Amino acid sequence: MAEVNGSSSGKGAWSQKRGPSVHQIYSRPAPLRTFPLPTFYPDNPLSLFHVASAWLSQLFSPPPAEPAVVHRGLWSEATSSVHVKDEKSMRALWEQGFYGKGNLSRSEPNWLKRERVRKGLQDVHVSELLTMQRRQERAQAKWERARLEQEAIHKTRMEEARQDAARRAESKGSPPTAPVGPLQLLSLPNSHVEMSPEIVPELVTEGKSFEEGLTSVKRQKSVRFSPRVQSTTFQLSDPPSPSQSPPEGCHSLARVTAPAVGGGEEPIVREHLQLTPEEAFFLSFGLGALVISEPGSDEALSTKQLLTRFRQYSYCPPRIGPDEPDLEADDGFLIHYVVYHHFRSLGWVPRAGIKFGVDWLLYARGPVFDHAEFGVIVVPSYSDVWWNRSDKEKTWAWLHGVVRVLSHVMKSLVLVYVEVPPTPRLEEALKMGIGEALALYKVREVTVKRWMTSSSTLVSNKTVQWCCSLPSSECTHLRNPADDPVPPAMVVAAVTRGCFWSRRGISSSIQHVVARTASGRFPSKPPTAFPQRIPPHLERFRYRLPVYNVDGELEPGGFVAVDDGGRDDARETMTRTRPRDSGPPRPLNSADRRAMIKALRSKKDDSASLIRETLDLFPAEREPKPEAEPLTDSRPVMTFAWSPERLYVEDEQRKLVRHVDASALRDNCACPSCRDESSGNKLFNSFDIPPDISIQHVRATDRGLWLTLANDTQGHGETTVCWDAVEVALRRRGSREGFFPRRPSIMGQTGVVFWDRRLLSGAVRAIGFDAYMSDDSAFWDAVIDLCRVGIVFLRGVPPDMNAVEAVATRIANLRDTFYGRVFDVRAGGGGDTAGNVAYSARALGLHQDLLYLDTPPMIQLLHCVENSCPGGDSLFSDAERIARLLWPFVRVSQRLAPLATRMVDYHYRGEDNRRQAAGPDRPHHHHYHQSRPVLSHDYLTGFTRVSWSPPFQAPSRLPDATLQPWIQAALFFEKLISDPEAVFRVRLQPGDCVLFDNRRVLHGRDGFDPSSGRRWLRGAYVAPDDFLSRATQMPPEQAHHYRGEDVWSSQMENQDLRHSAWWKDVSRMVLGFDPTVDERFVR
């Protein structure tokens, strides 16, 4: 065996032959073998033969059943663990998933290997021995540095003593002076050494050497040296290296040579692999790779016996006697095993994390490859009403300590909340099987990180935000309840619901910022509502808000009695009208709508008309109201209380509380002296509001809140805040004034209907031109359809050149572009403005207009003046439906990702025919350019925006390496939007005018023959700001009639699409395009 390099550089090592790499040793992540088929690539036909040959070989020669090897373990009551003593099983379980630890090793069971190396029986690499060598070399280097510092101290002290002795010899007979030498300084009151100032002369006169006298003095402290020297105390007799010898069995590898191979006896195996109950149960129940028996018995314990045993020993003391309490659903084993099983199923390697004060450490591949990325703490959550105990609360000091420890070792903290089911339900589920019982537990992960004010400005000092990615995604805002600045160690937690696993760890699309709760405790589960409550000592009143009913009539509000607890015990009743025998169709909720559509589509005949009538897409005849009958009033009730500084508003239905400062209330005053009635603009400056303004009294009417404010601006009376502003503050509805994104706010009032060819054929509306121009109800029907469906048709539009302008200006002002205020779409058109590929007879694929502008228009109008030539059918496709269905796959598919990551260039470069050229070679040009991805998702609103216009796409840049992957993804997207079942085809007749949402609906046309007829359309645009401004004025009762009683939200609509037949079709096509997509990670 080669000698060990004994240099102090720490680089010595045995010159030995390297064995297999760690990637080969730990190639199997589990004690199971898998036999997957080769990957099939649609663009490579040869891969199909590889798949077919592998499938046939496995069909005629099936692989052996797994697990091929079943290991054996023994249950140990003393350690509450399972011991595996067979050497091959120990190595297999460690190398195939990193299960357990050696009882005589730090982690990997390599005690036998270390003994063989120590005795010279084996020449291999042992990590623990090399670690010990590095530690000894570091200790030796520290002692060498200390010896050099000691010699420097000794030399300095001798020099100062000699100088002091010389000065004393020269100054004999002179008055005494203050002590200045090192020995005199040591004898001062702050020193433990007491000696007279004459000690040095005595030592010299007695004939002793100065060094001999100085060796008897132990240095305690010196103010004459650097702090680094002062912090160390030595005796001159101390050895320059450690005097203690290494422990028995641990030889210093830095100073000895390894014995020759074969120089010792074979050691006796004394180590076993120790498995935690969670690891043992996962190997037995989850993989079937482990059989556990009692000591001294060969009979294996069943899975149910193991579960009972592990649950009993999770208590302290164990509940194994007949008089012990029954096992509960929140015992330590079940709670921790659910988390262990959860992360093992996602591909993580959980290991015990008690060393860092956590329950589990999460490794991406294993401790051999890298360090753990996350530390997991399991927190049981008792949300079921069966539990009469409260959640186990943790203090912020505890959380700060854990996060600080983990941050020092480059790990992130993950709080795993486990929803504990009731114990009776668990016992019933255990009778059906262990899998049914484990399915009752729900796991939620919260990643916690420290937030420092010096390194981030993401969150303001007083306000933090919650942005949820739950299916029902409500966006709320949290304010520190004490109105104090948020502490510097603010905790930022990214809730990873809907997370997917990757090599880098748990990834999430949305971050959640958790604030301190009112009790000062760390919440036992992520808060789902505002944490504030109205202080009980404040004056308050309750008021039922006025609402519009389905008939458009305003039902007045009124005061509600307040009991001692601030609530009325019984729901009040009022008189409302409800038809007894007949009336408008009952609005369907999402579940009823899906069930009805499924039932109707199962019939063989065409059920479009039935679906239309069932879903109430058209207004129904309103019948006279019959006699009234008492009904329970479900209108919202608000509780209002106030202090001089702020107003508290509580939404009793959703149990939310918001407090509004007096200055904000004054700023929202809607009285005639503060708000212009014609424009809605404020008639005062916000900075004119006095800083010491306060609330004196609050009352409510059907118009809103009326507040009497002290220290108000001079001459101002009561402050009026309308109910719309109150409901927007409570997030009950979107704002008409722009506090929310405008389009989601309006769509929340009208709802959205996504469509394909069959559904639009029965749902599209055709409105007469005269009714549209003169009847407000018909006009708002058209506007609501543009919001809900994205397209509407007008019939009977006169063939007047100004007709399309009249239709557009009924909505809002026209969007003037370089094509003109109104443009003609015909073969050879555009001669007086600008050229376009649409001014030809060729076919035009599905696209959107003017994507090369910074803000493309929203509403596009096309008025058919003449259409006498064959061909030229108009095509329409609901692109937003495809985008919402495809986006969850884009997030997890590498082949679809370019649709969201690659920016596509759109441009227009053509001659400006409205300006006279400066010369024959110097014409004026238009040049517009903009870059957009095909798909972009807004996580706050849940809307997925589409930008698709191949006819106006700019050529790619030559060094663009992302073009080829994008082409494949774009071709797949083109197949989805151009599918015959997705495209609505119509031939426009003279007098028809189509209005559609250019940002949602793609349009195109077939080619036509201009030699046998003429196709002439006149078009115009309406900007998004102008249309949305107009849409905010729609009658609420008319929008409510189409939307129904269910509140529409974009996130809920995404969930409905997940349960539709469209989802199955898109999922099947995506898996055919990218077989590597795992549907479990689709969110």
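Predicted model: local features only at pLDDT ≥ 70, side-chain atom pairs only at ≥ 80, totals over all residues.
Residues are numbered from 1 along each chain as its sequence is written, and side-chain values use heavy atoms, with hydrogens and water left out.

Let's begin with the sheet. It is open, has 5 strands in the order β3-β4-β2-β1-β5, and its pairing is mixed. Strands here are DSSP runs of E with at least two residues, helices are runs of H or I with at least four, and both are numbered from the N terminus. Two strands pair if DSSP finds at least two bridges between them. β3 (101–102) and β5 (290–293) are the edge strands with a single partner each, so one side of each has no neighbour in the sheet. Inside the sheet, β1 (residues 71–76) and β2 (residues 81–84) run antiparallel and are joined by 3 bridges. In that pair, Ser76 stands opposite Ser81.

Now, what packs on this sheet? Helix α10 (residues 277–287) does, touching β2, β4 (273–275) and β5, and its direction makes about 90° with that of β4. Angles run from 0 to 180 degrees between N-to-C directions, and axes are lines fitted to C-alpha atoms, for helices over the stretch in contact.

α10 also packs with helix α11 (residues 303–312), at about 170° and with the axes 11 Å apart. That makes the two helices roughly antiparallel, a label for angles over 145 degrees. Among the residues that meet are Phe281 and Phe285 from α10 and Leu307 and Phe310 from α11; contact means heavy atoms within 4.5 Å.

On to the cores. A nonpolar core is a set of buried Ala, Val, Leu, Ile, Met, Phe, Trp, Tyr and Cys residues joined through side-chain atoms within 4.5 Å. The largest has 107 residues, and Leu935 and Phe973 are among those touching the most other members. A second, separate core of 51 residues includes Trp360 and Tyr441.

Finally, the backbone. Glu66 and Pro67 are joined by a cis peptide bond, as are Cys316 and Pro317. Leu850, though not a glycine, has a positive phi of about 60°. Is Leu850 buried or exposed? Leu850 counts as buried, at 3% relative accessibility, where buried means under 20% relative accessible area, exposed over 50% and partly exposed in between (1.4 Å probe, protein chains only).

Note on methods: Parallel < 35°, antiparallel > 145°, perpendicular 65-115°, else oblique.
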